[in-house]
Amino acid sequence: MFGAALERCRQSLIQRYGQSDPGLRLSLIPREEGSWQALTPDSARKSLTLIRTLPDGVQDMSRDIPGLVETSLNLGVADTRADALHLRLSLRSSVLAEKEILKSRVAHITENMGGSVSWAGDYPPWEYRQDSPLREDVCRAWESLTGKRPEVVAIHAGLECGLLSAKLPGMDAVSIGPNMRDIHTTGERLEIASVGRVWDLILKVLGEKR
């Protein structure tokens, strides 16, 4: 019965997300024989209500950079333990105030369903600065070296610049690096020639700041 329901769910997901996520897959792994404790009807109802009520996905877009996600969250892991259902969510925002609002919203929903919330692995946001002298210095140095104006882009991800900026308020920062492919996978690789170009850029910027 459960296997048939899972298959119906799989077919529905493939129909909806088959083009955007062709590798989508659901699997059922039989457990070892034995007695297993099931959720009570009330616990099952509360668990499903919580999962369906918590915010998920993109929550807000950047007001400074068109098309850039500013705030998001996603449910990454859900598992049952001896005493409770445990949900692990990942929250991201480039604006500290928006991140705190989202954390408060998650806590409010969870606590009103009888649950509790704890936070770990906090990653401070690196807020966009419209006026960045260092960014202009780097762009000018790159143009001097290559004859091309660099393209400045922003991404929705965590960077060490956020951690450093949280410790050094007011610090101006840019993120640069060599060309890398398939980052965070077993196929991660780096273009050696681009390392030299980045090194030349750093020396150029530092030389002009002396």
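Helices (H or I, at least four residues) and strands (E, at least two) are DSSP runs, numbered from the N terminus. The model is predicted: local features need pLDDT of at least 70, side-chain atom pairs count only at pLDDT 80 or more, and totals for chains, interfaces and linings use all residues. Residues are numbered from 1 along each chain as its sequence is written, and side-chain values use heavy atoms, with hydrogens and water left out.

**View 1. The loop between S4 and S5 holds Asp182 and His184.** Strand S4 covers 180–181 and strand S5 covers 189–190. Asp182 has a positive phi of about 50°, although it is not a glycine. His184 is not a glycine either, and its phi is positive at about 65°. His184 is exposed, with a relative accessible area of 77%. Asp182 is partly exposed at 45%. Here buried means under 20% relative accessible area, exposed means over 50%, and partly exposed lies in between (1.4 Å probe, protein chains only).

**View 2. Asp182 meets Arg189 in a salt bridge.** The N to O distance between these side chains is 2.6 Å. A salt bridge is a side-chain nitrogen of Lys or Arg within 4 Å of a carboxyl oxygen of Asp or Glu. Arg189 is partly exposed, with a relative accessible area of 46%. Elsewhere, salt bridges that share partners join Asp42, Arg45 and Lys46 into one network. The count of salt bridges comes to 15.

**View 3. Arg129 forms a salt bridge with Asp172.** The closest N and O atoms are 3.9 Å apart. Arg129 lies in the loop between H3 and H4, and Asp172 in the loop between helix H5 (160–167) and S4, so the pair ties together parts that are 43 residues apart in sequence. Arg129 counts as partly exposed, at 34% relative accessibility.

**View 4. Three strands form an open sheet in the order S1-S2-S3.** The pairing is antiparallel. Strands S1 (57–61) and S3 (85–93) stand at the edges, each with a single partner strand, so one side of each is left without a neighbour in the sheet. Neighbouring strands are turned by 20° against each other on average, direction ignored. Two strands pair if DSSP finds at least two bridges between them. Four bridges join S1 to S2 (residues 69–80). In this pair, Gly57 stands opposite Leu73 in S2.

**View 5. A hairpin of four residues joins S2 to S3.** Nine bridges link these antiparallel strands. Ser72 stands opposite Arg92 in S3. The side chains of Asp79 and Arg81 meet in a salt bridge (3.2 Å, N to O). Arg81 is partly exposed, at 45% relative accessibility.

**View 6. Helix H3 lies across S1, S2 and S3.** H3 spans residues 96–112 and runs at about 30° to S2. Axes are lines fitted to C-alpha atoms, for helices over the stretch in contact, and angles run from 0 to 180 degrees between N-to-C directions. Contact means heavy atoms within 4.5 Å.

**View 7. Asp137 is found in helix H4 (residues 133–146).** Asp137 counts as buried, at 10% relative accessibility. Leaving aside its neighbours within four places in sequence, Asp137 is in contact with Val205 and Lys209.

**View 8. Trp199 lies in helix H6 (residues 192–209).** Trp199 is exposed, with a relative accessible area of 51%.
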